[in-house]
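This report goes through one protein chain, from its overall make-up to a few side chains. Keep the structure in view while reading.

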Amino acid sequence: MPNTLTMYLERSPMKITLYFILFVMLTVSSRAGDTVEVAMEFRDVFKHMPPKPSYAKDMEGTVLLDLRIDKDGYVADIHFVDTAGDIVDSMFAKALRRLKGSPRRIDDKPVDTWVRQQFILRYEYGGKGLDKYENAFFNYTRSLENDTTNSAVRFYGRGRAHYLFGDIEAARTDFATARSLGCTQPWYEEHQMELARQWLPADTTSFDSLLVRATFYGRYGLFERARELYLRLSRMQPKELGPLRGLMLLYGDRRDYENAASIAAALVQHRDLTWYDLQQICWWLYSAGRYDRAVATGEAATTLSADWTSRSLIAVNYSIALLSQGHLSAARAEYKQITTQHMEEAVGDLKRHIRLGRPHKEFAREILTDIFHLDRDEMP
């Protein structure tokens, strides 16, 4: 005997069809207006940056872009709202077109849409000392000779390098030229505060917020503000490592290697240091000429390294400390552990070592030739 459903289907096929259509319509209408926004890892743009021109190695800049993301999730159109000059702009444009994300969806259908993004390209001029500053002067000067487009930004960048190197008068000249050409970037000290302010936490009482504030003061060249705040934080919580780390980096960036090394030596007494802390401490001790302490710290860092990448980064500083102390065979072995990722940093340190006339500079030349394959005309 047929069941009730079978009988109903046989007697009312048209009615069933109408019910099915109504069900579909109701389902679709319940989804009407559903929107899924663009999903794209914009931070990955830095993984796709093309090689920089040789004369623009230390260029930097901030760009504000309106981007059209197409139905396949690619950047289809780029409109520059704020530009950083032809070199930086073209680097970002090429990198952005290599990104792939998920497009915006309305009612589960992909659609084109515009999004606004800001990107900041920074290079560390202070870095490991003289080499970085000299490269910045050279690259900015070459870029001004090779490309006159948006030269205001380039004069500003060269002025910043002068400032960080300590040549204040040359910095004033370049900043004044940049301003006369239309650059609206503020100058240092009281004007730099305007740049830093947007990143400062509103809370001005808690330890963590004040530590963030001190970090941004240092990053934007507000040395005295940063130093005073780090010292205040050290008094607030003497056992915390954060303020001491910040002070060490602050003094190091000012090329006050003695103070940086003194704080580094104090930091070594703490038991909660990471391999990264020890790797940095090794550098500042080396920079101040405390080679034996630098070697000991570098050795301690190697025992804490977790992977090949960290081991390579430690070797950059540990090897030059070994070289300075006269442990030449050990230094050579460490230099062989440095990967391509950190090779440029190691080569820069060795060149600086030679220029400053530090111990065993002839052996440093051998390392540059035998391991990093530099030609004699590339030597300092």
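The chain exposes about 20,400 Å², of which carbon and sulfur atoms supply 52%; accessible areas come from the Shrake-Rupley method with a 1.4 Å probe, and for residues only the protein chains shown count as cover. The model is predicted: local features need pLDDT of at least 70, side-chain atom pairs count only at pLDDT 80 or more, and totals for chains, interfaces and linings use all residues. Residues are numbered from 1 along each chain as its sequence is written, and side-chain values use heavy atoms, with hydrogens and water left out.

The chain has 17 helices and six strands; helices (H or I, at least four residues) and strands (E, at least two) are DSSP runs, numbered from the N terminus. Of its 380 residues, 45% count as buried, where buried means under 20% relative accessible area, exposed over 50%, and partly exposed in between (1.4 Å probe, protein chains only).

The average pLDDT, the predictor's confidence in each residue from 0 to 100, is 79 for the chain, and 79% of the residues score at least 70. Confidence is lowest in helix 1 (residues 4–11), with a mean of 42, and highest in helix 15 (residues 328–335), at 94. Over residues 1–11 the pLDDT is below 50, and beyond near neighbours in sequence this stretch has five contacts in the model; contact means heavy atoms within 4.5 Å. Where pLDDT is low, the predicted coordinates should not be read in detail.

In helix 15, Ala331, Glu334 and Tyr335 are buried. They cover an arc of only 100° around the axis, so they are on the same side of helix 15; the arc is that of the directions from the helix axis to the C-beta atoms. The buried residues of helix 15 pack against helix 14, helix 16 (340–355) and helix 17 (361–370). Arg311, in helix 14 (residues 308–325), touches Thr302, Ser305, Glu334 and Gln337, not counting residues up to four places away in sequence.

Two charges sit over rings, meaning that NZ of Lys or CZ of Arg is within 6 Å of the ring centre and within 35 degrees of the ring normal.

| Charged residue | Ring | Distance to ring centre |
|---|---|---|
| Lys100 | Tyr74 | 5.4 Å |
| Arg225 | Tyr217 | 5.9 Å |

Finally, Phe42 is buried, with a relative accessible area of 11%, and Phe119 is buried at 4%.
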